[in-house]
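Okay, thanks for making time, everyone. Let me put the sequence and the model up, and then I'll walk you through a few parts of them.

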There are 2 protein chains.
Amino acid sequence: MVSFEVLRELHIPAETKIIMLVMDGLGGLPLQPGGKTELETARTPHMDRLAGEGICGLSVPVAAGITPGSGPSHLALFGYDPFRYEIGRGVLEALGIGFELGPDDLAARGNFCTVDEEGRITDRRAGRIPTEKCAQLVEKLRAIQLPGVEVFVEPVKDYRFVLVLRGKGLSDKLTETDPQQVGKKPLPVTALSQDAEHTAQLLNTWIAEAAKVLASEKPANMLTLRGLAKNPGLPPMSEVYGLRAAAIATYPMYRGVSRLVGMTVLDVGGETLEDEIAVLRRHWADFDFFYVHVKKTDSAGEDGDFQRKVEIIEYVDALIPDIMALKPDVLIITGDHSTPALLKSHSWHPVPTILWSRVCRADAVREFGETACSQGGLGVFPATDLMPLALANAGRLTKFGA
Amino acid sequence: MVSFEVLRELHIPAETKIIMLVMDGLGGLPLQPGGKTELETARTPHMDRLAGEGICGLSVPVAAGITPGSGPSHLALFGYDPFRYEIGRGVLEALGIGFELGPDDLAARGNFCTVDEEGRITDRRAGRIPTEKCAQLVEKLRAIQLPGVEVFVEPVKDYRFVLVLRGKGLSDKLTETDPQQVGKKPLPVTALSQDAEHTAQLLNTWIAEAAKVLASEKPANMLTLRGLAKNPGLPPMSEVYGLRAAAIATYPMYRGVSRLVGMTVLDVGGETLEDEIAVLRRHWADFDFFYVHVKKTDSAGEDGDFQRKVEIIEYVDALIPDIMALKPDVLIITGDHSTPALLKSHSWHPVPTILWSRVCRADAVREFGETACSQGGLGVFPATDLMPLALANAGRLTKFGA
């Protein structure tokens, strides 16, 4: 793939608009050998027409055989090498609840747990306390202060919460405190490099204070911290691509990843794609690049509901004319990964993709589906190629070399 | 490609079986423009059916345009980047005669040669002495001992032999002794780094002793050493993939490369694919991954015998039902490189490949052949992708990132 160093040199201004429509978990599998996938089953006249006018292919989210989580797969769509730029678990957990992570933030996934009189863990999830209880405990933990840093504690779900320290010089070269089995005491945070020692000290101080706060609680009388991770400090899209980029997504996790790459995250004020398209229309003049996210294809796949996934794809197809009415210069329709209903989970299978523009060099593909796209002009290609291709098709990249 | 560091984190246990059937030099070329290749000419109903149920593509052994030897091409099939993990010539020569190289071994290709009274080489191959003579000379050289290391000398063929030193701290940062032209004296071994100086000294001592032993011989009164190389110490498949891997191959070279990647090399006790399948059946419960090697496709290609290569492919096809009767979860049918009868040699052309599993996402390919596979869902892909794909299809990889 082309490096950001090169792209920084090549991008040029243009009055063009790019839309990347991401149907989460779009790729699928047939339920029966020789059958059709969800997308192939769906009646999609509008996307079929765009497939005919555009260039198609199968996008490999991360690498052959690798099933990605939503973090790495979205980074790849946005053009960020997902092996180079890893988003830590603590950061993802914070993004997932909509916490606005700053550049100096260190985030951790917290679990409430139960310990005996000796301090040994008897239940790593504190009996899966309800979220309301979690919120009450978090409220108490907010009283704990640390010197020189801001401390945030936020409930997530059941026994899970997020801890964020904000301050200069924090490091995430740290071990986790969860011993991963009952009968053992929580471990201290230890520094994996010298410059992390101060951060380890701060966290151990916070844990000791938290233990006092929780001592009389039942069953959640202790906690563990995992996935300690800093904001990865990704170079923003404005700088590497020269784009004013906006994210239109309703789920916190996707809004969070978008914010990490420097997108402006727009308020949707609703749950549907119609709501998202309304926002797209409203902000059409303000940005060059729009990431539009549809979550429900993935949810249906995860639920193993083939038919519902088909219907959601058809629902999206019916709204394509509303998107095209804005006259984008480049429209990409893809997914971040496959979520076949057959597997009820994310999978490694490449994702059917259309890149539509007036200069895309259309191929012979006439319908939008996995098998059809495997014959497309983009071939089987890495997802990280999409952003450079989008920029090129939008007239936003100049020549490399003389 | 995904790194071993990542794969180490992602592999999970499963009760699934993978077979990789490698027809050596499988890829071919038509004898006449517009004609069919060997594989396309062969009648292969069983492989055609698997192509229909599976996903197909063309595997690039090492890189576009690069004709690989069997070492790098097999490393790539086994998922080892052949540019990163190079197997030295001395090591390949030792593996080729079935020498069981240990982790501390340094191997060299030896050539007997003829020198004049001044010590200048007059024949770099000592008149191509017969193998029996080579064995007699090797027997004499075995008397030479060196301090602190074990010394092995083994005949190969004609004027070629293998020298192996076994001991701690040996280095292969060494020059060769063959001056590459007649009229020059053999060169001393010189160290290319400081920690190789002791090894260079040992080898020069051995050469001086060998010169004395050979002084009265005719025409093989001297020798040269080339391709000095250590066992590359590859990370074993058990560790990077979590697989109990077995090799079923009859030729020493392929057994040797398999041993280098940590496979258990099974005794075949016969020369045929029937013999190999019998071993496969016998050890079915003992391993997760089976590499099964067919040599004769390559031999026919090297001999320029198009028709014989066709017949061998048909012979292999007829045995596919015996392999499928074992009910593997994943079956890969491929070659390590192309050996077109037209060229009578290895070539750079990508290799037709089938990956069959219940969750492979079948493509539209209905027959096994070069042109058909170029339309397959795997596209034209690096051979190193096959192992991650095999693991994914076998349910042996968990999600990357959250």
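So, a definition before anything else: two strands count as paired if DSSP finds at least two bridges between them. The elements themselves are DSSP runs, helices being H or I with at least four residues and strands being E with at least two, numbered from the N terminus.

Quick housekeeping. This is a predicted model, so local features need pLDDT of at least 70 and side-chain atom pairs count only at pLDDT 80 or more, while totals for chains, interfaces and linings use all residues. Residues are numbered from 1 along each chain as its sequence is written, and chains are lettered from A and ligands numbered from 1 in the order in which they are written.

Let's start in chain B. There, strand β2, residues 55–60, pairs with β13(B) in the parallel sense, over 4 bridges. Opposite B:Phe381 in β13(B) you'll find B:Ser59. Both strands belong to an open sheet of 8 strands with mixed pairing, and the order is β9-β8-β10-β1-β11-β12-β2-β13. β9 (264–265) and β13 (379–382) of chain B are the edge strands with a single partner each, so one side of each has no neighbour in the sheet. Helix α3 of chain B, residues 45–53, lies across β2, β11 (330–334) and β12 (351–356) of that chain, at about 65° to β12(B). That angle is between N-to-C directions, on a scale from 0 to 180 degrees, with axes fitted as lines to C-alpha atoms, for helices over the stretch in contact.

Now over to chain A. I'll call a residue buried if 20 or more other C-beta atoms lie within 10 Å of its own, exposed if 12 or fewer, and partly exposed in between, with C-beta atoms placed from the backbone.

How about the helices? In α5(A), 8 of the 8 residues are buried, so that helix too is largely enclosed by the rest of the structure. Just after α5(A), A:Gly98 has a positive phi of about 80°. Helix α10 of chain A, residues 273–282, has A:Leu273, A:Glu276 and A:Leu280 as its buried residues. They cover an arc of only 55° around the axis, which puts them on the same side of α10(A); the arc is that of the directions from the helix axis to the C-beta atoms. On the other side, A:Glu274 and A:Arg282 are exposed.

Last bit: the two chains together. Taking contact as C-beta atoms, placed from the backbone, within 7 Å, chain A brings 27 residues and chain B brings 24. On chain A, α4 (70–77), α5 (89–96), α13 (370–373) and β13 each supply at least two residues of that side.

Note on methods
Contact = placed C-beta atoms within 7 Å.
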